[in-house]
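Hello,

Here is the structure I said I would pass on. Please look through it first; my notes follow below.

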Amino acid sequence: MTSISPATEGIAGTARIPQSKPHMQRALLLSLLANAPSTIVSPAWSSEARSLFESVQEFGLNISDHDTNMLSVSGVGKSLSAKSAKISAVGSAFNFRTMAAVACLSPGETVLEGNASMLSRPVREFLSFIPELGGTVDDISDPAHLRVRVRGGRRLGGTTTVDTRHSSQVLTSVLLVAPLADETVRIRCTHPGPVGEGYVDLTVAMMREQGALVERDGPAFLVRPSAYGSRVHHLGSDFTALSYLAGTVATAADGQLTIADYHPSLLSSESEFLEVLGRLGIRTTYDPVQRSLHIDRTAPAARHVEIDGRNIPTVVPTLAAVAPFIDARVTLRNAAHVNNHKCRRVEVMVQELRQMGCVIDPTYDRDGRIDGFTTQGRQSPGGGTTVDSHGDHRIFLSLATASLGCRRPTTIDGVEHLHASFPDYLDALAGIGATVTGAPARGDLITA
Ligand SMILES: O=C(O)C1=C[C@@H](OP(=O)(O)O)[C@@H](O)[C@H](O)C1
Ligand SMILES: C=C(OP(=O)(O)O)C(=O)O
């Protein structure tokens with residue numbers, strides 16, 4: 001068990017964060033689907049990126065050169081075929097959904113498998129794009145695994161309707177493979193403004209950079225047959241990883257931080273998050289020459305800071321962790337979809353923060369679902385307890401952020417899941433002055 005002590009002396013120093021996981025995953029997929037060589041500069045090797053890397057190799061991605069600074073590969077374009085019949089996405093819904101879409105392009109049969117956490121997420125009932133575009137899909141799950149068998153279509157194309165209320169990832173998955181269909185693909189979204197829209201915009205931007213012909217008209221997309229060309233991918237920084245360190249500027253007794261080698265990404269969710277931090281009184285100042293991001297504390301922008309969680313799903317748990325330490329009321333709404341993740345992230349954060357002694361209440365949407373949280377001003381929670389990260393890296397990271405502001409050390413289980421997005425997190429935390437005990441050796445973290 002890992003224990004994090006109160007940061008009564010404050011935090012200070014310089015830290016580094018990983019490159020963006022969403023960019024890395026898209027870069028791997030686009031590299032497979034490209035007809036030409038691609039290079040990923042400073043690849044971001046989280047366990048989820050590694051697992052996707054293995055999957056795209058199964059479909060034919062070829063490595064030409066690989067060291068810590070550079071990954072050079074060549075893709076197969078439309079000539080996809082799975083070498084092995086089985087692809088494992090472990091606990092990553094992004095990997096499962098995107099690989100299901102990729103399997104649609106492959107003439108053979110592919111079995112995709114995910115762990116038990118994915119059985120309770122909106123994954124299997126949202127694969128109807130496969131038959132709508134001309135492939136077939138059978139659900140062969142058992143109680144411990146989500147498992148589907150996908151067979152690609154002879155002639156892919158047509159119209160598919162995507163439900164965009166629960167996740168943006170299905171839309172991203174269909175979009176990514178659509179240029180390689182034989183005929184034009186039309187995608188109709190059930191609702192205007194998908195949740196996590198910034199991620200869809202990132203998908204479209206990266207597709208266009210590689211030559212895909214994508215048009216958007218409100219909730220409708222039209223993708224014409226086109227080829228993905230060669231690309232050198234420079235990944236931005238991972239703003240969700242940033243959130244856990246930026247949050248410590250509010251939760252620790254005092255302090256300021258510098259993030260070295262910070263590269264703003266193309267994600268609109270990132271700029272939205274930095275704007276929210278500013279309103280909470282966590283100021284970020286970017287120096288484009290030094291490529292550093294300085295973070296310090298100022299006063300919140302209002303007595304009641306209201307946040308819309310729709311486009312910033314990954315940082316909703318971080319904001320819940322930070323809210324009890326802000327000198328203002330904080331209310332975050334429109335985040336019911338964040339309960340569709342590795343665990344029911346909003347509900348779990350409210351529950352575990354209460355266990356640590358925080359006063360935080362859930363908010364409800366019109367259908368009576370928990371859609372956010374509200375706090376009433378700066379608190380001094382007791383801590384001194386053990387909390388559960390529910391097997392979810394983002395919950396561990398968020399609870400660790402809150403732990404620095406408690407009066408007694410907090411023990412958090414699930415450190416082994418940090419590898420999913422931020423393998424060097426504990427070193428970064430120790431480097432800014434936090435006291436962490438019981439941390440495992442790096443090699444003991446889960447690697448896939
Ligand atoms: O496309 C992506 O890379 C992601 C999309 C979002 O998923 P949801 O729309 O399911 O929240 C986000 O939460 C996830 O961490 C990454
Ligand atoms: C993107 C994430 O999860 P998933 O792919 O499982 O939705 C995440 O937890 O960072």
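**Ligands and domains**

Arginine 345 has a polar side-chain atom 2.8 Å from an oxygen atom of ligand 2; a polar contact here is a pair of N or O atoms within 3.5 Å, and within protein one must be able to donate a hydrogen and the other to accept it, while residues adjacent in sequence count only if both atoms are side-chain atoms.

This is a predicted model, in which local features need pLDDT of at least 70 and side-chain atom pairs count only at pLDDT 80 or more, whereas totals for chains, interfaces and linings use all residues. Residues are numbered from 1 along each chain as its sequence is written, chains are lettered from A and ligands numbered from 1 in the order in which they are written, and side-chain values use heavy atoms, with hydrogens and water left out.

To continue with ligand 2, the residues around it (one heavy atom within 4 Å) include Gly91, Ser92, Arg121, Lys342, Arg345 and Arg394. Lysine 21 is also among them, and an N or O atom of its side chain is 2.8 Å from an oxygen atom of the ligand. Glycine 91 comes in through its backbone, with an N or O atom 3.4 Å from an oxygen atom of ligand 2.

Around ligand 1 are Pro22, Arg26, Phe94, Ser167, Ser168, Gln169, Tyr199, Pro313, Thr314 and His341.

The protein chain is divided into domain 1 (2–18 + 238–444) and domain 2 (21–223), with bounds from an automatic or database domain assignment. Their centres, taken over C-alpha atoms, are 29 Å apart. In contact (heavy atoms within 4.5 Å) are 22 residues of domain 1 and 26 residues of domain 2. The two domains bury about 1700 Å² between them, 53% of it on carbon and sulfur atoms; buried area is the accessible area (1.4 Å probe) that two parts lose on being put together, summed over both. On the domain 1 side, Leu267, Asn340 and Lys342 lose the most area to domain 2, together 30% of what that side buries.

Between the domains there are 13 residue pairs in polar contact, both at pLDDT 80 or more. How many salt bridges cross the interface of domain 1 and domain 2? The rule (a side-chain nitrogen of Lys or Arg within 4 Å of a carboxyl oxygen of Asp or Glu) finds one.

Lysine 342 forms a salt bridge with glutamate 48 (2.9 Å, N to O). Glutamate 48 also pairs in this way with lysine 21, at 2.7 Å, N to O. The structure holds 24 salt bridges.

Regards
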